[in-house]
Amino acid sequence: MKTVHTLEDVRWITDDWRRAGETVAVVPTMGALHAGHMSLVEAARSWADRVIVWIFVNPKQFDNPDDLEKYPRHMDRDATMLARAGVDLLYAPRLEEVYPAGFSTRVSVAGVSEGLCGAGRPGHFDGVATVVTKIFTQTRPDRAYFGQKDFQQLQVVSRLVRDLDLGVEIIGCPTVREADGLALSSRNERLTEDERRKAPALYRALCRAAEALREGAHVAETLAEARLEIVSAGFASVEYLELRAENGLAPLDRLSEPARLLAAAHIGAVRLIDNVPVTP
Ligand code: AMP
């Protein structure tokens with residue numbers, strides 16, 4: 001595996017691949033890799049001739065300076081995991097490689113970025129859409145792999161690619177979980193032992209609510225019960241818990257089409273998100 005830090009090096013390597021007619025997949029990440037990220041790498045590996053993993057803690061998608069500062073960084077360990085997984089290229093750009101001096105462009109996707117995480121984290125999805133545009137223009141992949149764990153992000157990226165004709169096929173991969181159901185996340189590292197024990201309650205409550213909705217339960221009542229369940233299990237607060245259309249994320253007050261239950265909740269100093277499908 002080659003590791004590079006500049007656009008010039010990426011272009012040099014990927015131009016060769018392209019000349020040889022090889023397909024290229026990119027897996028965008030912020031590092032501190034875990035089995036969730038590695039499942040995207042495996043999926044990319046199984047399809048593409050060449051796999052690029054992008055590692056960059058993108059300051060533009062953090063609405064909270066403390067969260068940015070505390071975000072875990074393990075570049076050496078990440079590089080070892082990726083080399084073992086057969087990745088061709090690790091691109092860990094320097095800040096100025098992504099945002100050169102004077103950078104003044106913002107990519108903003110309306111609609112799907114509104115509400116849910118877009119409400120609680122102002123500017124977050126503009127930061128995501130801007131960096132994903134840069135990832136695609138810098139690496140020029142055929143395909144890009146994203147996790148359904150960040151379901152709203154996946155919708156924002158899919159919309160972005162359609163709207164701007166970016167010519168990248170977006171693949172959404174299932175959420176990888178711990179044995180007790182907790183979705184893997186780089187932020188789980190920041191949970192205390194006690195919080196870690198309580199954290200799976202978020203997924204449990206989502207599953208229980210999804211099951212009730214499938215059986216015809218009233219939406220608002222079911223969501224209220226799930227919120228109560230999460231707080232009773234030791235979470236400090238539930239930021240949102242909503243039923244949205246799987247396709248386009250319109251709010252639903254009845255289970256009239258394939259849907260997702262999405263939630264964000266705070267436990268100690270950590271904000272966790274998760275979602276589950278709900279099919280009528
Ligand atoms: P991040 O490094 O948190 O920005 O995540 C990079 C990519 O990995 C995103 O597309 C995430 O949706 C995906 N991802 C994060 N956690 C998981 C997980 N538990 N299962 C599957 N994909 C994940």
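**A guided tour: paired strands and salt bridges**

Begin by selecting strand β3 and strand β4 (residues 89-91), which pair in the parallel sense over three bridges. Helices (H or I, at least four residues) and strands (E, at least two) are DSSP runs, numbered from the N terminus, and two strands pair if DSSP finds at least two bridges between them. The model is a predicted one, in which local features need pLDDT of at least 70 and side-chain atom pairs count only at pLDDT 80 or more, whereas totals for chains, interfaces and linings use all residues. Residues are numbered from 1 along each chain as its sequence is written, and side-chain values use heavy atoms, with hydrogens and water left out.

Display the side chain of Trp54 next; Tyr91 in β4 stands opposite this residue. Then colour the whole of β3, residues 50-55, by accessibility. Five of the six residues of this strand are buried, that is, under 20% relative accessible area, where exposed is over 50% and partly exposed lies in between (1.4 Å probe, protein chains only).

Turn now to the charged side chains. The structure holds 22 salt bridges, each a side-chain nitrogen of Lys or Arg within 4 Å of a carboxyl oxygen of Asp or Glu. Select Asp67 and Arg121, whose closest N and O atoms are 4.0 Å apart in a salt bridge. Asp67 lies in helix α3 (residues 65-70) and Arg121 in the loop between α6 (117-120) and α7 (124-139), so that the pair links distant parts of the chain, 54 residues apart. Both Asp67 and Arg121 are buried.

Proceed to Glu229 and Arg208, whose side chains meet in a salt bridge (2.6 Å, N to O). Because Glu229 lies in helix α11 (residues 219-232) and Arg208 in helix α10 (residues 201-214), the pair ties together parts 21 residues apart in sequence. Glu229 counts as partly exposed, at 23% relative accessibility.

Finish at Glu242 and Arg244, a salt bridge with its closest N and O atoms 2.9 Å apart. Glu242 counts as partly exposed at 24% relative accessibility, whereas Arg244, at 8%, counts as buried.
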